[in-house]
Amino acid sequence: MAGKVKWATDIEKSVLVNNFEKRGWSQISTDEDWNFYWMSVQTIRNVFSIENGYRLNDDQIVNHFPNHYELTRKDLMVKNIKRYRRELEREASPLVEKDENGKYVHLDFIPVTFMLPGDYNLFVEEFRKNPTSTWIMKPCGKAQGKGIFLINKLSQIKKWSRDSRTTTFISPAGKEAYVISLYIDNPLLIGGKKFDLRLYVLVTSYRPLKCYMYRLGFCRFCTMKYTPSTSELDNMFVHLTNVSVQKHGGDYNPIHGGKWSVSNLRLYLESTQGKDVTDKLFDDIHWIVVHSLKAVAPVMINDRHCFECYGYDIIIDDKLKPWLIEVNASPSLSSTTANDRILKYNLINDTLNIVVPNGEMPDCKWSRCPPKEALGHYELLYDEDLAQNEGVECEGKPRLGPALNKGNRLKDTRKPFSTWK
């Protein structure tokens, strides 16, 4: 199509602007007729709100699905994953196999979690089964570690949010809903420090599901050595990996930003745990990503004008089991180090090459099947259409297919993470 792509954004980050300018696109204001708009989550709510009644044209594309929050709000993510499990149980799917303790063999990838205040009584019942456990409380709609704290006594939660004259849980005035999750108190440590993984996942369609994994994720380390000691529950430099928290610590190193690349993590794990164990770990992470997306696909508004680049946060425990902690709709595009700036510039560049091929005018009717050479650092993680067309029997753990049943296991069409370097 002729003509320059007209872009707008309400997130003024250099990694965005430089990528748009590199393509020769023209910047316009947000209230003009744009073709590509990199929006904040607040703006996307307005664009797709019933009150505005805004209809996008075929040559317009945006970076969020209308109800992305079904995956990126902590409470809704848990709710959708639990619903996904129940639906698979009704279908007698092998995916919901349980062990002798009643735990899911394949779909146990989120910590035990409750919503407050609604699930307060259920939480108390669970807490009393293991009164020495530690729990982490997070506000449902906040990010960057804001409002998070740890508890290990019921009295602490009562103090936070209960009317002492009654036995009823009362949400404090002005406070939003919280999720409370069993704290992963046995994290894998490197150099004695806790860390998590930030991985980027691009979704171009939910029905059929098509997603890509970015190879250049990174680990975020705490600045202080980890201890499960109850005396350190309030020390967020021990427990929270968020850079927005850790950068205020006295031991924060601004040169490397407390980060490792995923490739460095692989090298470390292969040397200390072995290649087979490491390969399985990353394949399990793939499993988590795809099934978390499958969990929200039925409720997601699959608008063809939309794509989403999610930031997945994964914690690995000392048994090399990965846990999904949360998914971010607007992963930070700020740069704390030189490597950060390069990574995030490449992330945006490769994302644009997939959703707006060749920098040409967007076309929401395009099938978005870019050639392999256009993927850059992305790898196709899952394509539901391909999976349905390449059904084969497989042994062992159910693979990543959209209609798994005992007699028809569908081939996992992705390139194994274990081959990534």
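How many bridges join strand S3 to S4? Select residues 36–38, which form strand S3, and two bridges to S4 come into view, the two strands running parallel; strands here are DSSP E runs of at least two residues and helices H or I runs of at least four, numbered from the N terminus. This is a predicted model, in which local features need pLDDT of at least 70 and side-chain atom pairs count only at pLDDT 80 or more, whereas totals for chains, interfaces and linings use all residues. Residues are numbered from 1 along each chain as its sequence is written, and side-chain values use heavy atoms, with hydrogens and water left out.

Within this strand pair, Tyr37 stands opposite Val62 in S4.

Next, select Phe123 and Trp135, one of 21 aromatic pairs (ring centres within 6.5 Å, taking the six-membered ring of Trp; planes under 30 degrees apart count as stacked, over 60 as edge-to-face and the rest as tilted). The ring centres of Phe123 and Trp135 are 5.0 Å apart and the planes stand at 85°, so the pair is edge-to-face. Because Phe123 belongs to helix H5 (residues 120–129) and Trp135 to strand S6 (residues 135–139), the pair ties together parts that are twelve residues apart in sequence.

Technical notes
Two strands pair if DSSP finds at least two bridges between them.
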